[in-house]
Amino acid sequence: MWTRGVRINHPSIAASVLEENAAAVMAPPFTPYTFIQCPCSDSSTFNRRSPPSTPTTHHHHSDNDDNDDDDDDEHPFDPRAPRSNYSLYPLEYLLYCEDCHQIRCPRCVAEEIVTYYCPSCLFEVPSSNLKSEGNRCTRSCFQCPVCIGPLSVTSLESHPDPNTLPVPDNPSAAPHGGPYILICSHCAWSSTEVGIQFDKPNSIHAQLAKLRNGGNPRMTAKERKERRKDLAQSLGSSYSSSSASGYTGYFADELDLDLDLETQFSNLKLFYQSQLANANTGGVGSGSSASGSGAGGAFGDLGFTSPTSLSRILNIYTSASSQDKKAKSRIGTMREALDSDEGLKIANLDESEAIAKLHAEGHPGTVSTSQLLNQTPQLHLGEPHLHGRSRFASELRPIPYLLRTKRSKRCPICRHIISKPEAKVLTTRFRIRLVAGSYIPSITIRPLSLPNASTPDPSALRPSKPAQFVLTFKNPIFEPVKITLATPALTPGRFPSKVTVLCPQFDIDANTDVWDEVLKDGDKRRKKGESMDSASGAGGVGGGQHQHQPAAGKIWERGRNWVSIVVEVVPASLRKPSQDEMPVLKEDEDLLEIPMFVRIEWETDAMGDEVGAVSGKDRDLPKLKRELAYWCVLGLGRVSDQG
Amino acid sequence: MRPITSTFASPSSLRAEEDIILIEFGTRKLLVGFAGDAAPRGAIWFGPEQQRRVGDFRAWQSDYHPDWRNGASGDQWGRDYELWRSDVRDLDLGLVGDKIERALRDAFTKYLLIDSRPRRIACVIPSGLSIPLLSVTLDSLFGRFQSPTVSLLSPPVSLAIGAGVRSALVIDLGWAETVVTAVYEYREVQCNRSIRGGRMLTEQTHRFLAKHLPHNQKKPETENPDESQEYVLSFEECEEITMRLAWCKPHPTSATAKPAEGLSTVEEHDESDDRRPSSATEQPVFAAIPLKSTSPPVTLELSYNLLTEPCENTFFDSRYSPASFDDHELPLHLLVYRCLLQLPVDVRSMCMSRIIFAGGCANVLGLQGRIFDEVSQIVRERCWDPVTGKVLEQKRGNLEQMKQKARARLAGSGPAGATAQPGAGEQDGVWHDAANIKPEVDPVDEQLKKRGDQLPQDQGELRAIESIGAWSGASIISHLKIAAVATVDRDLWQQQGAAGASKPGEVDPKMQQRQSLGAGGFMRGAGAGHNPWTLGTWGAY
């Protein structure tokens, strides 16, 4: 939940480049952004096996020689490589382990579930129900299969009052008797469109499970058996069920066609279980095997049958893989299923009916890809295989809400909890939440607009025109930190831009109490002013009046717990020097993104929580040196394509 | 990340391990669920939205239009929607691993609602998957998800089990390719492939729609359709139209009626003639297809008869003679026929009456029936003769004449000789009378007979059966705790990688089982050097 307040970082691109090299549409104003690469992706196991770079990127690398030089040791991080999309996170998504002094991203935390709940009715679901009832709300919470809006139960008899809002979770709100339907208040889809009505206004989930689209009730296993018996009798008693394959051809067709997936699955399961039980008794022919095999057979017999105490104990104390390796030689004798009671189903390949329906209903009668994707296979368990018919709007099923979880997160290494929400569904508070933002410096970016600058729109970067940006590092911790920055001189990618960090090394003061700042204000101001004066030699540092010029090695501005520095970029031209034509740009290829390696050093008191880490000889040192290093990506702006 | 060995973990983690997570890997999607369930709990489709950075919500902005045009140069159209390609030469394997990881993480969080304790995993994974891709998959399962063991299951066998049969001909109409696999006694005995699959169908749909766009119709039609590599429609849209409207004409000579009913061909012919004029020919129905990704948006009016064109071109391509196809692009009916033809007679007779259609393109209306009918027709025309051609037909005619002459000659020599001769004896006496040969003993059948079970009787005629799907079949396998041939242990994999795998034949399953049972978690590390394990069929590629 702590991810809610994240701003949208990328502006949209309004189909900027059209087919014939058309004029660029003005993009909305660009907001600079920062992404941080979690250090865990370096030690990822994939690195050692995957090739260093794809041939295509390699080709681009050869364009700029600087990158090739340090290829052998460590690759400069390429934010544009497709893989880096998987390791970059906004600062707000990152957590921090206080004990390991390391950033933890969603990929490198161990999660534990605190609560399961339905996001619609906000009822907590006990974890034991999950195994039996699945991952969806089993009350009356449904999503519209067309627009995924919430569905509400309404009586079909009385037209619902349009003024009262439908209450999805309160069945008693449906006032009248009679058949009930599910209706979407957003797109006006109702379950009558798929021919489904309910007798009761509550426990819709259970009622829906027994209904097929069109309103036909599902045949239960018992009914199927009785039906089959009836049919067999009606055909005459001469066909005994033992000569099964003889009679299946005659009349089982109807039952076959009706065999829904769930029943087929359970029939098959039963069939295989009985076959395995038979096989396990070594073909002696004794039907019951539950008690015999566990004691009589070798270890391999365990697990096929009901869990005897022996097998249970063995399964618990042996390695996890052991149950899996059953004696596979034993399952050699198994016949195949012969009729629909054993799970065999003859396919009906005649789809002319569905084709005719397609011709009649056309495009509007079918569902879109996204609607189809929401129809997970679970929803259609009550029907025979749909195959091509799944495309029809008449086959849509209401979607029961997926349950959600509240999770607490642990550091995978030291197992300390780094995030723990309140167990109650309705509270959004956290008991523990160590967000990285309160441990590592935040970076904000703004274009440097000098008074005499001529560019009207500073966010539009012009090729080959130097542009300057102010990076402000804000230190959240209560120790002064030393920051070292490193960037490749040329950004990776097809269009390398030149990057110069004017002041790659600086200190930031500690994040002291705000009131301290006010009290010491005058003092500090004076100091800072002096240092600035002596350092840059330029004019005074009036609040906001930047009359000094950015210079190499100099801090631009400094505050209580923040420091601003200047980065100068020379954006590359998006045109190749040889040809005048614009090359086809991939999405975001005109974005100027700077990979930057940030190294933070600070000293902490070796105290309390680090007892484990500090050995005896360190204890006499008053301070303990810490460091943290990671790659981050600064998105500065879009390079305009003219000029 | 520190591995947490199950031996030292708390009892609660043991409980967690009882659920086996079952994952079916496909080129386009992952199906994820728990073993023992009838259906997967969720499906994750791969797409460009999945590949964005975390916190990049631009797709939700109302004025955002995916910039598909610039990414679609050449071969890249729609590649973002795939997990992998079988051509791994310029595939970033690390990226594949990242995609798998993110998809699984999403699925675990959204659909399975599980925490990150290590769990056993069973994978239904294409048996033709190359070692690099398999390694990447296993790496991410072991590395990121800390799974103690991963078992590999092959989709055709799972499909056969999901249909309740021991042998089957599995026609997997997949995305990248169509794979026809003959499964005999739960073993994949033969596998034929063709690139005619979902991707080709979507590309053909694109070509077809592009051809009918108003501004393209004015242009003189380029006669070489394979040249047009410029994409004017987004992949998403083409795929959606394929999903919605693609259908396949029934076979021209025979209706889709089941052959088991024994209708004569004449009747069937009439029936189909009756049906079609009413729906298609007399009053050609037009489908309105709204297209948004063209500039400007346009609505095409096309008749349904025309709409079968992409399907026709993709799967059957009857414009060209059968001889003009390369091995990798055989039309499906020929592919199925060839697969059956290459099988030994016994296996063929079992497989041909257990045809299972699976895969995404099985959703194309009428396609299954059409393939079935096409194959039946080939069988009717050519029987099981690998040799075709005009000369052969001539020779056949001659042979028939000779037979008749011979029969006429033999007619005098007595009734006994006449009944014994046809179909035998002509080939220099090498072929013996088939009726007198003792059939080979099938040990499984023998055992079943002893047990007094009924034996399957459907053999030798084409018949299609329905499977509950590869995922659900695998769910039964895992639920019944049937051992997978390839079960990979985490420690061994991380020590040895794919190179440490032995050939399937070299691994004694009993030996493996005894070791791990007896020694528990402690000895496994020590005995790792001489404890063979295998990747099964996956190691062969």
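What share of the 541 residues in chain B do buried residues make up?

## Basis and overall make-up

The share is 45% of the 541 residues in chain B. A residue is buried if 20 or more other C-beta atoms lie within 10 Å of its own, exposed if 12 or fewer, and partly exposed in between, with C-beta atoms placed from the backbone. This is a predicted model, in which local features need pLDDT of at least 70 and side-chain atom pairs count only at pLDDT 80 or more, while totals for chains, interfaces and linings use all residues. Residues are numbered from 1 along each chain as its sequence is written, and chains are lettered from A and ligands numbered from 1 in the order in which they are written.

Chain B has 20 helices and 13 strands. Both are DSSP runs numbered from the N terminus: helices are H or I with at least four residues, strands are E with at least two. Take the chain B contacts between residues at least 6 apart in sequence: 72% of them join residues at least 24 apart. A contact requires C-beta atoms, placed from the backbone, within 7 Å.

## The six-stranded sheet of chain B

Chain B holds an open sheet of 6 strands, in the order β3-β2-β1-β4-β5-β13, with mixed pairing. β3 (42–45) and β13 (486–489) of chain B are the edge strands; each has a single partner strand, so one side of each has no neighbour in the sheet. From one strand to the next, the twist averages 20°. Strands pair if DSSP finds at least two bridges between them. Strand β2 (residues 29–34) of chain B runs antiparallel to β3(B), joined by 4 bridges. Lys29(B) has Trp45(B) in β3(B) as its bridge partner.

Axes are lines fitted to C-alpha atoms, for helices over the stretch in contact, and angles run from 0 to 180 degrees between N-to-C directions.

## Helices α11 and α12 of chain B

α11(B) is mostly covered, with 6 of its 8 residues buried. These are Pro310(B), Cys311(B), Asn313(B), Thr314(B), Phe315(B) and Phe316(B). Their cover includes α6 (198–212), α12 and α14 of chain B. Asp317(B) follows α11(B) and has a positive phi, near 50°.

Helix α12 (residues 332–342) of chain B has buried residues Leu332(B), His333(B), Leu335(B), Val336(B), Tyr337(B), Cys339(B) and Leu340(B). They pack against β6 (168–173), β7 (178–184), β8 (187–194), α11 (309–316), α13 (345–352) and α14 (367–382) of chain B.

## Nonpolar cores

The largest nonpolar core has 160 residues, of which Ala160(B), Leu169(B) and Ile356(B) touch the most other members. Helix α3 (residues 93–112) of chain B gives the most to this core, with 10 residues. Another core, of 54 residues, lies apart from it and includes Tyr33(A), Tyr89(A), Trp631(A) and Cys632(A). Such a core is a set of buried Ala, Val, Leu, Ile, Met, Phe, Trp, Tyr and Cys residues joined through C-beta atoms within 7 Å.

Not counting residues up to four places away in sequence, the contacts of Ile356(B) include Leu159(B), Ala160(B), Ala163(B), Ile465(B) and Ser467(B).

## Strand pairing in chain A

Strand β5 (residues 110–117) of chain A pairs antiparallel with strand β11 (residues 404–410) of chain A over 7 bridges. Thr115(A) is bridged to Lys406(A) in β11(A). β5(A) also runs antiparallel to strand β6 (residues 124–125) of chain A, with 2 bridges. Here Tyr117(A) partners Glu124(A). β5(A) and β6(A) form a hairpin with 6 residues between them, and Leu122(A) in the turn has a positive phi of about 60°.

## Two loop sites in chain A

Thr491(A) sits in the loop between β17 (481–486) and β18 (498–501) of chain A. Thr491(A) counts as buried because it has 25 C-beta neighbours inside 10 Å. Its C-alpha atom is 9.9 Å from that of Met596(A), 105 residues apart along the chain.

Val435(A) is in the loop between β13 (430–433) and β14 (442–447) of chain A. Val435(A) counts as partly exposed because it has 18 C-beta neighbours inside 10 Å.

Note on methods
Two residues are in contact if their C-beta atoms, placed from the backbone, lie within 7 Å.
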